[in-house]
Amino acid sequence: MQQYIIIGGGVVVVLGGLVLWFALKHHVKDKTAASTSKLANTLRNEKEKSNIILSAIQDGVVLIDDQQIIRHFNQGASDITGWSTQEAEGLDWRSVFKFTNTKGEEIPTEQTSIAKSFGSGQTVRDNSVNMLTKSNNTIAASFSVSPLVDNAKHPTGLVAVFRDVSEERAEQNQRAEFISTASHEMRTPVAAIEGYLSLALNEKVATIDDRARGYLEKAHSSTQHLGQLFQDLLTSAKAEDGRLTNHPSVVEMGAFVEQLTQDLRFSAEKKGLFMEFLFGNTAIKDASHPSEAGESKVIRPLYYVHVDPDRIREVITNIFDNACKYTAEGKVSLGLTGNEGVVQVYVRDTGAGIPPEDIPHLFQKFYRVDNSATRTIGGTGLGLFICRKIVELYQGRIWVESELNKGSTFYINLPRLSTQKAEQLMAAEAGAQGTVSAGQATTVSPSVSITPSS
Ligand code: ADP
């Protein structure tokens, strides 16, 4: 958090200085001779001021123009990257900045925060990237890249502020490692306790009186909760350090979600909630429900994505279970829609809703809304964090829109594969099983036409 604030503050100061320096540099020509000397002084002062500020900042500050050329490279950037200011200024940023992922693989240019900011015209932050220094050492870095625009709102370049976070990252990894080992070790005895409690509660195996049964049932449910907590801790630690098992393959989401509906329906109906599956805006008929069987089938497009089906099932199930958990009565809908670039799954409920102030924190680790509606409902606060990590693994997005006391809708956007691409990948998967699939090298950027409202 502190890191964001420092970087955020840095960006404001730096942006102010740079914009002024940039603007003044480009508009002096038309001025009259009389005003030029005065302006020149101001200019010199402003430029000096900017230079003093920029060289005093220990974070790397880099100004890149709209031709992708580095125009300013401060001392902090030199110290971090090993490129001197003289070497870096005038070069294309792609020659200086090389990024790698947690596995050490080079990140394609278009997926870097700098390229994304150029492409979207938005500020892009990336706290989990690694970069290569001039001498090819890998350092953990945190980036904040903001676009610069002129008065007519045309892009003129961008400013990237970054810092070496190797120490913080190493500590974070140690913490995750500890949590992962501890929760792994603790799962085994907890599973044993749960097993013995189940045996004690089984009338065919043990005889206990009613009072003992009451106590044991409570102990059994607490043990289950503890087991879930350890499982979630283990998954979230793995998600954080990139060790989550992930075997992506081509999945047709229409068939996948429809099949999942059969299992999910059980959770909803167990609680007396009505459940529906919506394709686009149309409710899909479900042959497992006799009253609806035999009605005409809806013709629907094929929504291909490249994901690990087990992981995506985990996400949808988690969101759906939450919808049931936090809805006392009414309906839970599971929907699927999309456009050329995006496949969207959504889960809508008529439940308690989420206060607006809690929404920005909902996908953080251990965050739980604290109100009378949720206090009595058990949970770990890790489910949505894990969901976000999984969705981001596939360059997707997850977000929520909610109205208090009316209900919530959780959206999951995944990059859509064209049918042609999906068929190519399926053929490659079939032909090259066990080797690196061609699909793993293929990334489709999500289109932004189905976007979060916030
Ligand atoms: P938990 O184990 O507490 O359910 P999650 O990470 O899955 O953890 O959810 C975080 C918090 O988000 C929950 O504690 C709850 O307050 C809120 N929440 C999640 N889904 C819903 C929903 N459908 N309706 C209302 N609140 C929700």
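Helices (H or I, at least four residues) and strands (E, at least two) are DSSP runs, numbered from the N terminus. Everything below is a look at a predicted model.

**View 1. The whole chain, before zooming in.** By this numbering, the protein chain comes to 13 helices and 14 strands. Of its 454 residues, 41% are buried. Take the contacts between residues at least 6 apart in sequence: 61% of these join residues at least 24 apart.

**View 2. Strand E5 with a partner on either pairing.** E5 covers residues 138-149 and is mostly covered, with nine of its 12 residues buried. Strand E4 (residues 124-132) pairs with E5 in the antiparallel sense, over seven bridges. To get your bearings here, find Arg125, which sits opposite Ser144 of E5. Strand E6 (residues 155-164) also runs antiparallel to E5, and nine bridges join these two.

**View 3. The turn from E4 to E5, with Asn136.** Five residues lie between the strands in this hairpin. Asn136 is found in the loop between E4 and E5, and its phi is near 65°, a positive value in a residue other than glycine. Why does Asn136 count as exposed? Its relative accessibility is 56%, and exposed means over 50%.

**View 4. The turn from E5 to E6, with Lys153.** This hairpin, too, has five residues between its strands. For background, most residues other than glycine have a negative phi.

**View 5. The largest nonpolar core, around Phe320.** This core holds 49 residues, and those touching the most other members are Met253, Ile316, Ile319, Phe320, Leu334 and Ile412. Helix H10 (residues 309-325) gives the most to it, with seven residues. Domain 2 (170-241) and domain 3 (249-450) each supply at least three residues to this core. Which residues does Phe320 touch, leaving aside those up to four places away in sequence? They are Leu264, Ala268, Met275, Val332, Leu334 and Val347. Apart from this core lies another one, of 24 residues, including Ile64, Ile114, Met131 and Ala141. As a rule, nonpolar side chains in soluble globular proteins tend to be buried together.

**View 6. Helices H8 and H12 where they cross.** A packed pair of helices is described by the angle between the axes and the distance between them. The axes of H8 (residues 210-240) and H12 (residues 383-393) come within 10 Å and cross at roughly 35°. The crossing of H8 past H12 is left-handed. On the H8 side, the residues that meet H12 are Asp232, Thr235, Ser236, Ala239 and Glu240. Their counterparts in H12 are Phe385, Ile386 and Lys389.

View 7. Gln395 lies in the loop that links H12 to strand E13 (397-403). Gln395 is not a glycine, yet its phi is positive, at about 55°. Is Gln395 buried, exposed or partly exposed? Its relative accessible area is 35%, so Gln395 is partly exposed.

Key. Residues are numbered from 1 along each chain as its sequence is written. This is a predicted model: local features need pLDDT of at least 70, side-chain atom pairs count only at pLDDT 80 or more; totals for chains, interfaces and linings use all residues. Side-chain values use heavy atoms; hydrogens and water are left out. Buried means under 20% relative accessible area, exposed over 50%, partly exposed in between (1.4 Å probe, protein chains only). Two strands pair if DSSP finds at least two bridges between them. A nonpolar core is a set of buried Ala, Val, Leu, Ile, Met, Phe, Trp, Tyr and Cys residues joined through side-chain atoms within 4.5 Å. Domain bounds come from an automatic or database domain assignment. Contact means heavy atoms within 4.5 Å. Axes are lines fitted to C-alpha atoms, for helices over the stretch in contact, and angles run from 0 to 180 degrees between N-to-C directions. A crossing is left-handed if the near helix is turned anticlockwise from the far one by less than a right angle, and right-handed if clockwise.
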